[in-house]
Amino acid sequence: MTTTPRTDIPAPPRAPEDGPSARPAPHDLLPVADARRTRAAAWELLRPDRAAALRAAALLVAATAIGLLTQPLIGRVVDLVADRRPAHDVLLTAGLVALVALAQGVATMLGLALLGRLGETALARLRERFVRRALALPADRLERAGAGDLTARVTTDVARVSEAVGSALPELVRSGLTIVLTLGALLLLDWRFLLAALLAAPVQILTARWYVRKAVPLYAAQRVADGAQQQQLLETLGGADTVRAHRLEAAHTEQIARRSRAAVALSLRGTRLVLGFYGRLHIAEYIGLVAVLYAGFVLVRADAVSIGTATAAALYFHNLFGPVNAALVLLDDAQSALAGLARLVGVTDLAGAPAAGPGGGGDAAGPGETVLRAEGVGHRYGTGSPVLADVSLTLRRGEHVALVGASGAGKSTLARIVAGVQDPTDGTVTRVAARPGAGPAAVLVSQELHVFAGPLADDLRLARPDADDAALHAALAAVGALDWARELPDGLGTVVGDGGHALDAVRAQQLALARLVLADPAVAVLDEATAEAGSAGARVLERSARRALHGRTALIVAHRLTQAVTADRVVVLERGRVVESGPHAVLAHAGGRYAELWAAWSGERPAREP
């Protein structure tokens, strides 16, 4: 079995016609990693750049150590003035202070630049893993979670982590180094200064613990509320026509308002939490400063230290205000970023669609040989009733099979399983490559239209990145789209999609079919790929589909039975089970379910078996 790429990724995803509603219940949301797994994932992201991290740490330690020379030099100036020393001695010391500031600035700049590059590299790895895993997740899993949850993670959570990596992380590292080295400098001046400074520590530690205990669940709840709010907005806007048709504007407005109020209430709780956090920090500052000044007064009066040394100690402690407050305040950003990181890691740790899929792969198939075999396939969405039950299906090389049945029979679900977009809950699907070096095992083209923003050539090359312009022209010609593509303002270079040249439903679907031609799969799966166009457009798309499928093995979910007439074989689904299989000419006169469908479609009276 092989991984199956799609040529028409929908945005946002919806439940298939035979599946349940995509509205998520709380237990359907995508998972969130626990604290231990989040820390392990952060280390995994940073581990490839350990050497760069050490260099950044060394530069920042050097910068901080150099900066700590400032306070003793200022204390020296105080002693020189108190001893009425010559002015040139004071100027020489002041010059040393300027040199220290310059050296500290250079080392800090280099260290922060290196640390920033390290953080952005790790963040890029996280984004790539997240997108790769999200695209590999079974479609029904994403639909159960809802577009809002995934959208909130890929926007709000990524933004939070990005902000933390770009600003909070460098500042937190620098603040931590400053605190540690400053406390060491106080110890060198006199151990009693260190004890005085540490009187502020209990208040600061209790404040930090109080904040973390309340912030972690609060920010996690905020993320869930944001996701629910976005989900409601997406559902309402996506179904705006239906909402208006059924006069549901007031009800949906109230639902949006209710979820918005919940998000705002959590945000206000966060604001009150931060205000209480700052108030406790100010109390700690006053306690420590009074203690250091009193210690200096006592030690100077006892001739244990000079006035300059006491001045340096007071400046050291005052210098701690910024780093300590920054470190503790950055807990706000850190907790928010960790909550976002946990939600991203929860997705990256999810098991995606396996590379080989259930049932394993096989050798290359020759003409007329089996290229796909589904055996005992069953599927259900969540805890609902089975959508498919004990379905077996075989596709042979070059064969076109039409899948027909009433709405809700399970056609779309079976098509997605055959294409490898969705894994069955029961049974196996075995796909065999058409030939060595050929395209993917299966590609799905559905009625869900999406034109990717960018040049038309880039949109086509999603299916085959190494395709040259000649191959792109050939693919467009194969589906009857070359003429209109050449008439675009810049030809293949014309920007299409959001913000670009608009393509109607017919042209958008022809683009998806051209990507199918470029991908050159062993099995092409068309899930009502001509259903979005009107009558005239459907005829154009049917011709395009026939040309795209020429010489290929294909499974076609037929919403027009004319597609079944031209197929080599027709498979009829009824309530998730295969009830008939055979050529159209036979089934149309067999008096079974297909005969009824054909009679309803064509206006003929169904034949009855004697």
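Colleague: Which residue forms a salt bridge with E596?

Modeller: This is a predicted model, in which local features need pLDDT of at least 70 and side-chain atom pairs count only at pLDDT 80 or more, while totals for chains, interfaces and linings use all residues. Residues are numbered from 1 along each chain as its sequence is written, and side-chain values use heavy atoms, with hydrogens and water left out. A salt bridge requires a side-chain nitrogen of Lys or Arg within 4 Å of a carboxyl oxygen of Asp or Glu. For E596 the closest N and O atoms are 3.1 Å apart, and the partner is R593.

Colleague: In which helix do E596 and R593 both lie?

Modeller: Helices are DSSP runs of H or I with at least four residues, strands are runs of E with at least two, and both are numbered from the N terminus. E596 and R593 are 3 residues apart, about one turn of the helix, and the element that holds both is helix 20 (residues 593-602).

Colleague: Is E596 buried or partly exposed?

Modeller: Buried means under 20% relative accessible area, exposed means over 50%, and partly exposed lies in between (1.4 Å probe, protein chains only). R593, at 27% relative accessibility, counts as partly exposed. E596 has a relative accessible area of 36%, so E596 is partly exposed.

Colleague: Which parts does the salt bridge of R552 and D520 tie together?

Modeller: The side chains of R552 and D520 meet at 2.9 Å, N to O. R552 counts as buried at 11% relative accessibility, whereas D520 counts as partly exposed at 25%. The pair ties together parts that are 32 residues apart in sequence, because D520 lies in the loop between helix 16 (505-519) and strand 8 (523-527) and R552 in the loop between helix 17 (535-549) and strand 9 (553-557).

Colleague: How many salt bridges does the count come to?

Modeller: One of them joins R261 and E254, with the closest N and O atoms 2.9 Å apart. R261 is partly exposed at 47% relative accessible area, and E254 is partly exposed at 38%. By the rule given above, the count comes to 14 salt bridges.

Colleague: At what angle do the ring planes of Y211 and F277 stand?

Modeller: Rings of Phe, Tyr and Trp (its six-membered ring) pair if their centres lie within 6.5 Å; planes under 30 degrees apart count as stacked, over 60 as edge-to-face and the rest as tilted. A search of the whole structure finds 3 aromatic pairs. The centres of Y211 and F277 are 4.7 Å apart, and the pair is tilted because the planes stand at 40 degrees.

Colleague: Which helices does the pair of Y211 and F277 link?

Modeller: Y211 and F277 are both buried. The pair links distant parts of the chain, 66 residues apart, with Y211 in helix 8 (residues 201-238) and F277 in helix 10 (residues 249-301).

Colleague: Why is the pair of F317 and F321 edge-to-face?

Modeller: F317 and F321 are both buried. Being 4 residues apart in helix 11 (residues 307-348), F317 and F321 are separated by about one helical turn. Their ring centres are 5.6 Å apart, and the pair is edge-to-face because the planes stand at 85 degrees.

Colleague: Which residue lies over the face of W210?

Modeller: A charge sits over a ring if NZ of Lys or CZ of Arg is within 6 Å of the ring centre and within 35 degrees of the ring normal. At 4.0 Å from the ring centre of W210, the residue over the face is R280.
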